[in-house]
Amino acid sequence: MLDDKKLNLLLCITGSIAAYKSVDLARLFIKNNFDVRVVMTEASKEFITPLTLQAISGHQVHENLLDTEAERAMGHIELAKWADLIVIAPCSAETISRLAQGRADDLLGAIILASEAQKFIAPAMNMNMWSNQTTQQNVEYLSSIGMDFIGPSKGEQACGDNCYGRMSEPVEIYETIILTQNKPLAGKKIIVTAGPTREQIDPVRFISNNSSGKMGFAMAEAALRSGAEVILITGPVSLSCSPKIKRLDVQTADEMYREAQSSMSDADIFIGCAAVADFKPAHENIQKIKKTDKDRLNIQLQKNIDIISSLAREYTDKRFMGFCAETESVEEHAKSKLIKKGLDFIVANDVSKSDIGFDSDYNEVSVFTDNSHQFFQKASKSLLAIQLVNLLSQDNQSLH
Ligand code: C5P
């Protein structure tokens, strides 16, 4: 565990307006018993001074590769060996590109090549630079050789755009690294459901809902970071996930239930994030329903199976976390679902607030158990997912 040993963390800062956030990041690690040393690229010094980082870290900042004085103090190879963890935050498009090429003509590049430490990258750049094919290919390559990307997140950028490219908040970077290091749910098997279900009326029409699947995917990624084996059963969404997650794509509630049921016997935790359609057409029409002169069309609906509730009743030895979206009396409705469905946790969000919930990248939730209530303030879904997985791991510890 991290508490036992003071870990050496090398924080590398590159040229981005987000460089000012590195101060908070360094502070978070130092406060939590890490020894932090800082490497700054030339471009980063246009945004923040080495003196600031020296004052925060308590060590002289490392800036140059070919500086005899600096090399005498702690050269690139020594720094590479010293580091238990390397975090590049913010990491510019230029640095990502240089890393992908294996360049070693500056201090950062040389250290990355020379170090066997685990490396985390928090990108920060304009949204078009991030989505650019070349950047994405570089990211894919660096991920394939073990570099761990955190973010970027969606939000307002310095250039005025509002999309993916913003550096993740320091607390999210910190919590992600701690969870990845500690792996509190190693050896556990977690099933996550995500997205909407799609209930076919006829070959071209269906009943569904607005769920984007983002919260479920964030839960699956956080569960993976916690060391668990993860099965993600998802309805139709346009999201991708880590290749280390076993992803099962389904359409209907019945298919979702079947997949969950067949993986359940050796699972430890079930997380129900899916917005399962409550009803399905009682009869599926094989042919497309034809328009007629009548003003009304009656489609008879039949209740879908409640997946989480049936599994919770059957597998009483496992832990169940459900999610609910409410528009009023959030606590009352959430608690009643907790009891009615036989869950251990229910995560409730108020979808009457327009800046959080369904398609947003942010959420604000309250978690209820039979004897507790915890509020998690507005944060990115990825940070909330980490906080919720931490809650599950505390619960797991208390069970043993
Ligand atoms: O829709 P509702 O508020 O009842 O959803 C609460 C929880 O129950 C969620 O975790 C959802 O995934 C789960 N659920 C389910 N099967 C259903 C309806 C909801 O597993 N048919």
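At roughly what angle do the axes of helix H11 and helix H12 cross?

## Helix packing

The axes of helix H11 (residues 253-264) and helix H12 (residues 307-314) cross at roughly 25° and come within 10 Å. Axes here are lines fitted to C-alpha atoms, for helices over the stretch in contact, with angles from 0 to 180 degrees between N-to-C directions. H11 and H12 are therefore roughly parallel to each other, a label for angles under 35 degrees. Helices (H or I, at least four residues) and strands (E, at least two) are DSSP runs, numbered from the N terminus.

## Basis of the model

This is a predicted model, in which local features need pLDDT of at least 70 and side-chain atom pairs count only at pLDDT 80 or more, while totals for chains, interfaces and linings use all residues. Residues are numbered from 1 along each chain as its sequence is written, and side-chain values use heavy atoms, with hydrogens and water left out.

## Salt bridges

A salt bridge is a side-chain nitrogen of Lys or Arg within 4 Å of a carboxyl oxygen of Asp or Glu; the count by this rule is 20. Within helix H1 (residues 21-31), Asp24 and Arg27 lie 3 residues apart, about one turn of the helix, and form a salt bridge with the closest N and O atoms 3.3 Å apart. Asp24 is partly exposed at 39% relative accessibility, as is Arg27 at 46%; the class lies between buried (under 20% relative accessible area) and exposed (over 50%), with a 1.4 Å probe and protein chains only.

In helix H13 (residues 330-341), Lys335 and Glu331 are separated by about one helical turn, being 4 residues apart. Their salt bridge has its closest N and O atoms 2.9 Å apart. A network of salt bridges links Arg98, Arg103, Asp105 and Asp106.

## Strand E12

Leu248 belongs to strand E12 (residues 246-249) and is buried, with a relative accessible area of 16%. Its C-alpha atom is separated by 10 Å from that of Val192, 56 residues apart along the chain. The side chains of Asp249 and Arg247 meet in a salt bridge (3.1 Å, N to O); Asp249 is exposed at 51% relative accessibility, whereas Arg247 is partly exposed at 27%.

## Nonpolar surface

Phe279, Leu297, Ile299 and Leu301 make a nonpolar surface patch of about 360 Å². Patches comprise residues with over 30% relative accessible area and no salt bridge, joining like charges within 9 Å and nonpolar side chains (Val, Leu, Ile, Met, Phe, Trp, Tyr) within 5 Å; accessible areas come from the Shrake-Rupley method with a 1.4 Å probe, and for residues only the protein chains shown count as cover. Leu301, in strand E15 (residues 301-303), is partly exposed at 42% relative accessibility.

Terms used:
Angles under 35 degrees count as roughly parallel, over 145 as roughly antiparallel, 65 to 115 as roughly perpendicular and the rest as oblique.
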